[in-house]
Amino acid sequence: MSGNVNGSGPVLADFNQAVRPTSDPSGFLSEILGAPVTVKLNSGIVFKGDLQSVDGYMNIALERCREVLNGKVIHNWGDAFIRGNNVSYVCADNAITGR
Amino acid sequence: MSLEQLLPLELIDKCVGSQIWVIMNGGKEFTGKLLGFDDYVNMVLEDVTEIDPVEGNVKLPKILLNGNNICMMVPGGDGTSTFEDDMEE
């Protein structure tokens, strides 16, 4: 990924720092911003959408938010806010595992 | 008293990178590889199986599990061990 022909590198070094995979919760969340996710609530309700943002309370903003029941979309919510206390887990749908 | 006391969060830290079994408050369970956690015991897990007594098992590639409803974490567990199994040993 060294697209720097002239070899003047500090900018690229910072970029690599940013994309380096981190595995603690905050690192994971920053890694999956913008990606498709599945959010499951404690009540069992499942939402799928693109992760727009998350905060320290695990409050979540989803774009293209769909509510899914038994594998079928039952609501198209569009942009949605999910209050963090209800969240059971956030799953990165396209994550590559076994690194 | 042993001098080599292991704090609870140190036990979790020892499990980073290995397979764990998480039991939630409602009886639901998760197994997978622990990648990381924070002070709230929110966990990042990889190659996860969500074990729900009602809905059955679901495979999930990579999740952030909310620590709020975690009841217990068993190192090395794969969710197949039962109390009855252990009693027979």
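Modeller: Let's start with a term: two strands pair if DSSP finds at least two bridges between them. Helices (H or I, at least four residues) and strands (E, at least two) are DSSP runs, numbered from the N terminus. This is a predicted model, where local features need pLDDT of at least 70, side-chain atom pairs count only at pLDDT 80 or more, and totals for chains, interfaces and linings use all residues. Residues are numbered from 1 along each chain as its sequence is written, chains are lettered from A and ligands numbered from 1 in the order in which they are written, and side-chain values use heavy atoms, with hydrogens and water left out.

Biologist: How many bridges are there between β2(B) and β3(B)?

Modeller: Strand β3 covers residues 43-52 of chain B. In that strand, Glu50(B) is the bridge partner of Phe30(B). β2(B) and β3(B) pair in the antiparallel sense, and the bridges number seven.

Biologist: Which residue of β2(B) stands opposite Val22(B)?

Modeller: Strand β1 (residues 19-24) of chain B runs antiparallel to β2(B), joined by five bridges. Their hairpin has four residues between the strands, and Gly27(B) there takes a positive phi near 100 degrees. Opposite Val22(B) stands Phe30(B).

Biologist: Why is β2(B) described as largely enclosed by the rest of the structure?

Modeller: Buried means under 20% relative accessible area, exposed over 50%, partly exposed in between (1.4 Å probe, protein chains only). For chain B, 42% of the 89 residues count as buried. β2(B), residues 29-37, is largely enclosed because its buried residues are eight of the nine.

Biologist: Which element gives the most to the side of chain A that touches chain B?

Modeller: Contact means heavy atoms within 4.5 Å, and 22 residues of chain A are in contact with 20 residues of chain B. The rule also finds three salt bridges across the interface (a side-chain nitrogen of Lys or Arg within 4 Å of a carboxyl oxygen of Asp or Glu). On the chain A side, α2 (25-31) and β5 (87-92) each supply at least two residues. The most, six residues, comes from β5(A).

Biologist: What is the bridge partner of Cys91(A) in β4(B)?

Modeller: β5(A) pairs with strand β4 (residues 56-65) of chain B in the antiparallel sense, over three bridges. The partner of Cys91(A) there is Ile63(B).

Biologist: Which residue of chain A meets Lys62(B) in a salt bridge?

Modeller: The two side chains come to 3.4 Å, N to O. The partner of Lys62(B) is Glu31(A).
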